[in-house]
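Dear colleague,

Please find below a structure that I am handing over to you. My notes on it follow directly after.

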Amino acid sequence: MTRKFWKRTEPLDHPELDHAELARLLPAPSAPRMTPDRQLLFEEHLLNEIRTSAPEAKTPARPVRRALLIGVPVTAAALTAVFAVGALTQGGGPARPGLVEASVVKVEAGSTVQLVSTVQRIADAATQRPTPEPKPGQYIYINSKVSFMSASHNFDTGEKKTWVQPLHQREVWKSPDGRKGWLDEPGYQDEGGVPLGDDAPHSKPVNGKDIPGEAPVHLSYDWLKAQPTNPDALLKSIYAKGSGPRDRDQRAFQEIRAIIGEQLVPARTAAALYRAAAKIPGVVVVQNSQDAAGRTGLALARLDPQYGERLELVFDRTTFTYLGSRSVQVKEFGGVKPGTVTELTAILDRAVVDAQKIRPAKGAAA
């Protein structure tokens, strides 16, 4: 029997449960088929609940790769529907239609030899780059190309495979204060997109069991603008905001990626942000990396010692503009082999627009 789930890499903690036993434990579903995005949220919550009640595992489970932007209440009937619509399936194919096998690259060693000089060039370029300032009522628009990982584990044969989503478009609109926004990711969100911030469904959970939505103010443009431009002070603020299962240094590095990935950063703050990144223990320069659009460049990178995965922030070699990110498995973890590309993103457009769902005029990107 093969258990497959979306954007997870670790197996369930109870491989002895088969389909027949689950059928006895759970009543027949009465809920209609869920949308893919809602099904994903229910699956993630269910897997976390199983781990919470299970004996402690020998190795930590890899955390969810991307922050979920939408929250929905989870009920017993909904969890029943998760099993019914295919959280557990038979066969050896991808977890969901459309997935492709993950690519494998040669793992290049990183170095701190040119870290200071490289970050200085990146920071200087950020300071000189003109950045528009959004006005009240306007929105920050980010158009990107992304791909994230899924995995499957056949408990009968022991075979593990790593799959990734096909590269696809992701568009985000965010108000400067972070309280309003829109996300459109065809095939991975509800058709037509979903609201963000205060307008997101169940963005403020009533109890501890609901899945929270994205915090509206954290990492907003207004929040960034209020941050100190001294790298040490800014890094301290980032450390204070980070949370999750990874070590605090990796969380801080991921926070920086989240900021530069889907936000507009004031020029001086951006420069301080890159200098702050260089102060995080374990950050190195990788001379050759690539974003989701196939653009090559150098990268500021950090290896997560817990999960063996290296996050790379890719910059253009000439202009030192941030291009996107790549995650590569450096050490085998959970059956994911070294060299496996587990995540790819590329920023295609970054601009200020007058309303949600409005795209910038050609050539108007920030």
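The notes below go from the whole chain to single residues.

This is a predicted model, in which local features need pLDDT of at least 70 and side-chain atom pairs count only at pLDDT 80 or more, while totals for chains, interfaces and linings use all residues. Residues are numbered from 1 along each chain as its sequence is written, and side-chain values use heavy atoms, with hydrogens and water left out.

Confidence

The mean pLDDT (the predictor's confidence in each residue, from 0 to 100) of the protein chain is 76, and 66% of the residues score at least 70. Over residues 1-20 the pLDDT stays under 50, and the model has 89 contacts beyond four places in sequence for this stretch; contact here means heavy atoms within 4.5 Å. Residues 210-216 also have a pLDDT below 50, with 26 contacts in the model beyond near neighbours in sequence.

The chain as a whole

The protein chain holds eight helices and 13 strands. Both are DSSP runs numbered from the N terminus: helices are H or I with at least four residues, and strands are E with at least two. Of its 366 residues, 52% count as buried. Buried means under 20% relative accessible area, exposed over 50%, and partly exposed in between (1.4 Å probe, protein chains only). The accessible surface is about 16,800 Å², and carbon and sulfur atoms account for 54% of that surface; such areas come from the Shrake-Rupley method with a 1.4 Å probe, and for residues only the protein chains shown count as cover. Among contacts between residues at least 6 apart in sequence, 67% join residues at least 24 apart.

The expected span is 1.5 Å times one less than the number of residues. Eleven of the 14 residues of α7 are buried, so this helix is largely enclosed by the rest of the structure. At the start of α7, a side-chain oxygen of aspartate 247 comes within 3.0 Å of the backbone nitrogen of aspartate 249. Glutamine 250 also belongs to α7 and is buried, at 1% relative accessibility. Leaving aside residues up to four places away in sequence, glutamine 250 touches Arg302, Leu303, Asp304 and Leu311.

Helix α8 (residues 267-278) reaches 17 Å from its first C-alpha to its last, close to the expected 16 Å. Nine of the twelve residues of α8 are buried, among them Leu273 and Tyr274.

Strands and a loop

Strand β7 (residues 180-184) has four of its five residues buried. β7 pairs in the antiparallel sense with strand β6 (residues 168-174) over four bridges, and with strand β8 (residues 194-197) over four bridges; two strands pair if DSSP finds at least two bridges between them. Glycine 181 is the bridge partner of lysine 174, and glycine 197 is that of lysine 180. The hairpin of β6 and β7 has five residues between the strands, and glycine 178 in this hairpin takes a positive phi near 75°.

Glycine 294 sits in the loop between β9 (283-290) and β10 (296-304) and is partly exposed, with a relative accessible area of 40%. Glycine 294 and leucine 344 are 50 residues apart in sequence, and their C-alpha atoms are 9.7 Å apart in space.

Yours sincerely

Key:
Polar contact = N/O pair within 3.5 Å; in protein donor to acceptor, adjacent residues only side chain to side chain.
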